[in-house]
Amino acid sequence: MKITGHCLLTALLALASGPLLAAQPTPGEDAAAAQKARVASMLTGEEGEKHDVSELFGGLVQDLPSPDPLMTNVDGRAHQTLNGAWNVVVDEHSMGAKGLFGTAYYTPPEPQTGMELVEFSFDPRRQLEVPGDWNTQDERLYRYRDIVWYQRDFDLQKAAGKRYYLHFDGVNYKAHVYLNGKPLATHRGGYTAFNVDVTDAAKDGSNYLVVRVDAYLDDSTIPTKRTSDFFKYGGIIRDVDLVTVPATYARQYQFYLADLASGRVDGWVQLDGPQAANREIKVDIDEAGVHTSARTDANGRATFSFTAKLDLWSPEHPRLYDVAVSDGDEQVVDRIGFRTIAIEGKQILLNGKPVYLRGVALHDESILKPGMANDRADAEASLGLARELNANYVRLAHYPHNEHTLRVADELGLMVWSEIPIVSLIDWANPDTLQQALGMVRDNIDRDRNRASIVFWSVSNESMPQSPERLAFLTQLAEQARSLDESARPIASALVGDPAEFKEILKRLVAELLFDPQVTDPKVKQQLAGMAKKMIGDDDAVQKVLHGELEVMLRDPLGEVVDLIGYNEYFGWYYSAGLSRVLPVDEATTRRTMLNIMKDVRFRNAFGKPIVISEFGAGAKKGFVSEHGPGAIWSEEYQAKVYEKQLDMLGRSDFVQGISPWVLKDFRSAMRPLNGIQELYNRKGLVSETGERKQAFFVLRDFYAQKSGK
Ligand code: GCU
């Protein structure tokens, strides 16, 4: 292998660095050092020695250690924001971790003499806002799903007895964190928070912080690239903070109403640090006259149980209390609401009383600006719309939303379905994918366990197929959530229709069409009669189907594992399109017939558990006027009609204890290319991407007003 001129140069440079020559890189050794060694051995190695030149170029970068255990309630601690403009380098070839000549992008710059060949720079000529996705900030990055390096400096004066953490509320998808040239940690998962202890790596004065963000998704990631209908934004999408805590600090804690009748509050505090054992922890809730304390055990954990006269948190009365946790070195104050949530038979009990969930589903996208939501104003705008709908509940799909949203939900009194992005097809048999998922459940609960608004932890959305691997995978997630949340929030999952269910709907459609006076073609009638005979039976059986209930019985074995059954159904939208393909009539006829039979549909499940219709909906482009006349597909009229039919249908199923129509706002999705209508937006929003209300918005608002007795 003949080595070219510039490689020779690199090798000479490496020679200058002396002892590095002989050593070959070991796994985990930083890529830059390995690159230097690689170039050197290519130049100084024995004649004819084999070298894998592909390693000279970019590629996979070793994961660094995992971040440190997550702290809760950053806002209740000493912290400095690192939000703002960060310098960036777009690294499509994944060269940055080692650089061509072994100068990695995370290495603090050396003084220059003007004779150094460095082909990247972090400076204000190319920046991105943090928090923020890069896709809507820089049109060159709109469809970019690869690597961007972020860099900024921050000043610090270290104090004795203190620890310093970098806290990220969300980096999509994989983040490598470097400080002052030291590779520190890798986090995977775009929607869960993580923090890195930088006490040792940080120095007094200016610190050089670099984050490598890789937005690449494949079939082993969560979510996968292909099988989920939402835009995969890239970047440091949420708040970044430098948090200062004592050497031993109250990393996690939880306080919740354990018994409604007695007003018993249970809780615990977990200290983290060298002096965690046998420490007195004080808990004060001044407004409730609570002043109590407990000592930590050998593992730094203190448990509490006390009774208090508390106003219960509810949508009608979202009362929050300042709960102060003091460990002698630091006092952390959190705003916590106290309520109970439980499942009893087919009912959902909030504070011991049956509650109907008047909900809406939404993605973590802003109404106020393009791209992802990431601040309080975004949360107030979206949840304010939900409130305008007279909702008392929101489904935050399909991943943990930014923390501002949960804080505002607490304050506004909106109950929350919180989920992790296990969406449809996941690599169920892949142990690494399982570890990622278990980590996401843990991180989601570690950040939000004290949010009164969160009433359900969901482990998946439309997960398929119904295989033993899938069931085993999701069962482990449910058990993880139960073991981590002592307040025992119900575990949920959004199930989806299976072939058996569609068969029942098809039978009914065939029976309807057979006796439909508008279906006159004798050949079609004959085909329908044949289908009726084969699928249903004789005339009596057909009459029974025609005049009977249309039962949708959920039997998915995951229903046994969860406490609450979410169900996504699309009567009036997808079902008509799909089933018209197996009927001898056109889609328009199928759709008309479907809308007519919806009143007879009854949702039940084989597990005697409550059902929440976690999705239903129809697409409409705001203001769209169809050439086919009013009420056509994509018109607001058609969407509104589907809502009327759905709300009527769902009110007739006593298993259905709540709904969260899909979806509050039109949201970006690469799955939606229809020109002139979708333009890479899913148009099932009740409002457009800029918040314009569609007719269906008012249909739902008025239904909820009536349902809530307004
Ligand atoms: C699914 C899915 C959503 C998707 C919706 C739709 O049920 O859960 O993520 O956006 O349907 O097709 O609009």
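**Notebook: ligand site, helix pairs and loops**

I began at Trp662, where an N or O atom of the side chain is 3.1 Å from an oxygen atom of the ligand. I count this as a polar contact, a pair of N or O atoms within 3.5 Å. The model is a predicted one, in which local features need pLDDT of at least 70 and side-chain atom pairs pLDDT 80 or more, while totals for chains, interfaces and linings use all residues. Residues are numbered from 1 along each chain as its sequence is written, and side-chain values use heavy atoms, without hydrogens and water.

An N or O atom in the side chain of Tyr574 is 2.4 Å from a ligand oxygen. For His398, I found a polar side-chain atom 2.6 Å from an oxygen atom of the ligand. The protein covers 93% of the 320 Å² of accessible area that the ligand has on its own (Shrake-Rupley method, 1.4 Å probe).

Next I listed the surroundings. The ligand has 13 residues around it, and the closest are Asp229, His398, Glu462, Tyr574 and Glu615; a residue is near if one of its heavy atoms lies within 4 Å. I sorted this shell by class and got four nonpolar, four polar and five charged residues. Asp, Glu, Lys and Arg count as charged; Ala, Val, Leu, Ile, Met, Phe, Trp, Tyr, Cys and Pro as nonpolar; the others, Gly among them, as polar.

I moved on to helix pairs. Helices are DSSP runs (H or I) of at least four residues, and strands (E) of at least two, numbered from the N terminus. Axes are lines fitted to C-alpha atoms, with angles from 0 to 180 degrees between N-to-C directions. Helix H5 (residues 431-448) and helix H6 (residues 468-484) have axes that come within 10 Å and cross at roughly 25°. H5 and H6 are therefore roughly parallel to each other (under 35 degrees; over 145 is roughly antiparallel, 65 to 115 roughly perpendicular, the rest oblique).

Helix H7 (residues 499-514) packs against helix H8 (residues 522-535) at about 140°, with the axes 9 Å apart. That makes H7 oblique to H8.

Last, I checked the backbone in loops. Ile222 and Pro223 are joined by a cis peptide bond with omega about 0°, and Pro223 lies in the loop between strand S9 (205-214) and strand S10 (240-246). Another cis peptide bond joins Met464 and Pro465, with omega about -10°. Pro465 sits in the loop between strand S25 (454-464) and H6. Asn180, a residue other than glycine, has a positive phi near 50°; I placed Asn180 in the loop between strand S6 (174-179) and strand S7 (182-188).

Note on methods
Polar contact = N/O pair within 3.5 Å; in protein donor to acceptor, adjacent residues only side chain to side chain.
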